[in-house]
Amino acid sequence: MEAVRATAEGVTTIKTKDIRAFGTEAADELLNQLNIRRRKPTPHDVEIEILYCGVCHSDLHTARNEWHGTIYPCVPGHEIVGKVVSVGNHVTKFKVGDFAAVGCMVDSCRECDYCKDGLEQYCEQGNTLTYNSADKYLGAQTYGGYSESIVVDEAFVLRVPENLDLAATAPLLCAGITTYSPLKHWNVGPGKKVGVVGLGGLGHMGVKLAKAMGAEVIVFTTSQSKVEDAKRLGADEVVLSRDENQMQRYIGKLHFVLDAVSATHDINTYLNQLRVDGSLALVGAPEHPLPVAAFSLIPYRRSFAGSTIGGVAETQDLLDFCGEQNIVADIEMINIQEINEAYERLLKGDVKYRFVIDMASLKK
Ligand code: NAP
Ligand code: ZN
Ligand code: ZN
């Protein structure tokens with residue numbers, strides 16, 4: 001099959017093929033098997049057979065149109081690891097048989113100041129996300145990693161450290177980089193007291209990474225059942241956030257708080273944990289706005305910030321750091337046919353600590 005694409009140089013024909021994927025046709029429908037069209041590799045592309053794909057809460061928000069703007073059919077998945085099965089004739093970084101990874105972005109303008117600075121996640125033209133973005137090649141939307149294979153420009157394909165378990169590496173591509181980037185940006189390290197709120201996929205990576213950077217880590221969780229795990233993952237202290245007495249303990253004491261909660265919660269109680277000049281970075285992206293009281297910020301000159309994923313080079317830094325430190329996610333492997341049940345469990349906070357899909361199950 002072929003698709004015709006208009007470019008600055010004229011009209012180009014791109015070869016395509018249909019592959020199996022798992023996705024949804026509407027916000028209120030379950031995910032099911034469907035077929036999608038992928039381009040065959042153009043000169044700078046790498047074709048990857050997907051072996052494992054992590055399940056991010058953003059997949060659920062998007063599949064159910066909770067952030068609005070979902071284009072259907074929607075095939076989520078942006079924590080992708082697999083094997084290179086073919087490469088375009090200008091590809092230099094990868095060869096057939098290599099392991100490779102793809103995260104949340106598959107392209108950006110590559111020309112704006114942010115792209116030149118390695119901040120493609122903040123591209124002025126808008127980057128191309130791995131799913132639910134306009135596909136520059138085939139015209140429709142991009143489709144993510146709940147699929148047999150993906151074709152990505154090598155500039156957005158990452159190398160996987162050889163010593164790490166492949167399935168448990170997949171969550172580094174979103175949960176890992178989304179927590180690593182703000183921890184680096186806000187100079188988390190020795191001598192810093194850091195709060196991590198919400199012990200899900202992102203939160204548990206935040207704990208491991210902040211600890212590896214040398215910080216003192218305090219976890220805030222709603223789940224009694226996660227207290228022991230939090231300590232095993234590296235937390236120095238664990239606070240049950242629904243216990244008002246426990247919540248008093250760190251008021252005014254933390255240098256930095258990373259908030260990775262997926263649902264509506266009271267942000268003010270966490271701003272209040274910050275010292276003078278402390279910052280809270282929101283990475284969790286709940287559907288509804290979170291009210292902030294002026295007096296949660298003013299008295300201590302506190303900052304309330306946000307952060308999204310990380311750039312390509314920074315994602316490679318994270319993967320290399322995890323290789324050196326032997327850090328991977330704690331995962332529960334599922335078959336693709338169990339994805340709808342996994343989404344329900346995410347909504348209950350019942351995940352320890354990342355579902356990863358064994359993509360071989362798509363062939364069943
Ligand atoms: P997840 O695995 O479902 O974890 C979310 C955690 O939040 C839960 O495990 C739970 O932890 C806590 N939580 C859930 N409901 C809560 C409630 N009502 N009140 C208080 N705490 C609650 O999700 P995830 O994949 O880590 O993603 C977390 C959020 O980050 C999502 O909104 C996702 O879309 C967003 N995200 C943002 C970016 C970015 O670039 N900024 C990237 C990826 C994901 P406890 O049981 O410990 O309380
Ligand atoms: Zn994600
Ligand atoms: Zn750009």
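Biologist: In sequence, how are the donor residues of the zinc ion (ligand 2) spaced?

Modeller: The spacing is C-x21-H-x95-C. Donors here are N, O and S atoms within 2.8 Å of the metal (3.2 Å for Na, K and Ca), and water is not among the atoms, so sites may look incomplete. Before going on: this is a predicted model, where local features need pLDDT of at least 70, side-chain atom pairs count only at pLDDT 80 or more, and totals for chains, interfaces and linings use all residues. Residues are numbered from 1 along each chain as its sequence is written, chains are lettered from A and ligands numbered from 1 in the order in which they are written, and side-chain values use heavy atoms, with hydrogens and water left out.

Biologist: Which atoms coordinate the zinc ion?

Modeller: SG of Cys56, NE2 of His78 and SG of Cys174, at 2.0 to 2.2 Å. His78 and Cys174 link distant parts of the chain, being 96 residues apart. His78 is in the loop between α1 (57-63) and β5 (80-87), and Cys174 is in the loop between α3 (166-169) and α4 (175-185). Helices (H or I, at least four residues) and strands (E, at least two) are DSSP runs, numbered from the N terminus.

Biologist: His78, buried or exposed?

Modeller: His78 counts as buried because its relative accessibility is 7%. Cys174 counts as buried too, at 4%. Buried means under 20% relative accessible area, exposed over 50%, and partly exposed in between (1.4 Å probe, protein chains only).

Biologist: Moving to ligand 1. How many residues surround it?

Modeller: There are 31 residues around ligand 1, and the closest are His57, Thr221, Thr222, Ser223 and Arg354. A residue is near a molecule or strand if one of its heavy atoms lies within 4 Å of it.

Biologist: Which helix gives the most to that shell?

Modeller: α1, with three residues. α1 and α5 (201-212) each supply at least two.

Biologist: What polar side-chain contact does Arg354 make with ligand 1?

Modeller: A polar side-chain atom of Arg354 lies 2.6 Å from an oxygen atom of the ligand. For Thr308, an N or O atom in the side chain is 2.8 Å from an oxygen atom of ligand 1. Ala285 uses a polar backbone atom, 3.0 Å from a ligand oxygen atom. A polar contact is a pair of N or O atoms within 3.5 Å; within protein, one must be able to donate a hydrogen and the other to accept it, and residues adjacent in sequence count only if both atoms are side-chain atoms.

Biologist: How much of ligand 1 does the protein bury?

Modeller: The protein buries 91% of the 920 Å² that ligand 1 exposes when taken alone. Accessible areas come from the Shrake-Rupley method with a 1.4 Å probe; for residues, only the protein chains shown count as cover.

Biologist: Back to α5. Where does Ala212 sit, and what does it touch?

Modeller: Ala212 lies in helix α5. Not counting residues up to four places away in sequence, Ala212 touches Phe321, Gln325 and Ile327. Contact means heavy atoms within 4.5 Å. At a relative accessible area of 29%, Ala212 is partly exposed.

Biologist: And why is α4 largely enclosed by the rest of the structure?

Modeller: Because nine of its 11 residues are buried. Among them are Ile177, Tyr180 and Leu183. The buried residues of α4 pack against β11 (193-197), α5, β14 (254-259), β15 (274-282), α10 (312-325) and β18 (354-358). Asn187 follows α4 and has a positive phi, near 55°.

Biologist: What about the largest nonpolar core, how many residues?

Modeller: It has 93 residues, and those with the most contacts inside it are Val55, Tyr146, Leu209 and Ile339. A second, separate core of 16 residues includes Phe220, Leu254, Tyr270 and Leu274. A nonpolar core is a set of buried Ala, Val, Leu, Ile, Met, Phe, Trp, Tyr and Cys residues joined through side-chain atoms within 4.5 Å.

Biologist: Which residues is Ile339 in contact with?

Modeller: Leaving aside neighbours within four places in sequence, Ile339 contacts Phe22, Leu31, Val55, Tyr146, Ile334 and Ile357.

Biologist: Last topic, the backbone. What joins Tyr72 and Pro73?

Modeller: A cis peptide bond, with omega about 0°. Pro73 lies in the loop between α1 and β5. The peptide bond from Lys352 to Tyr353 is also cis, with omega near -10°, and Tyr353 lies in the loop between α11 (339-347) and β18.
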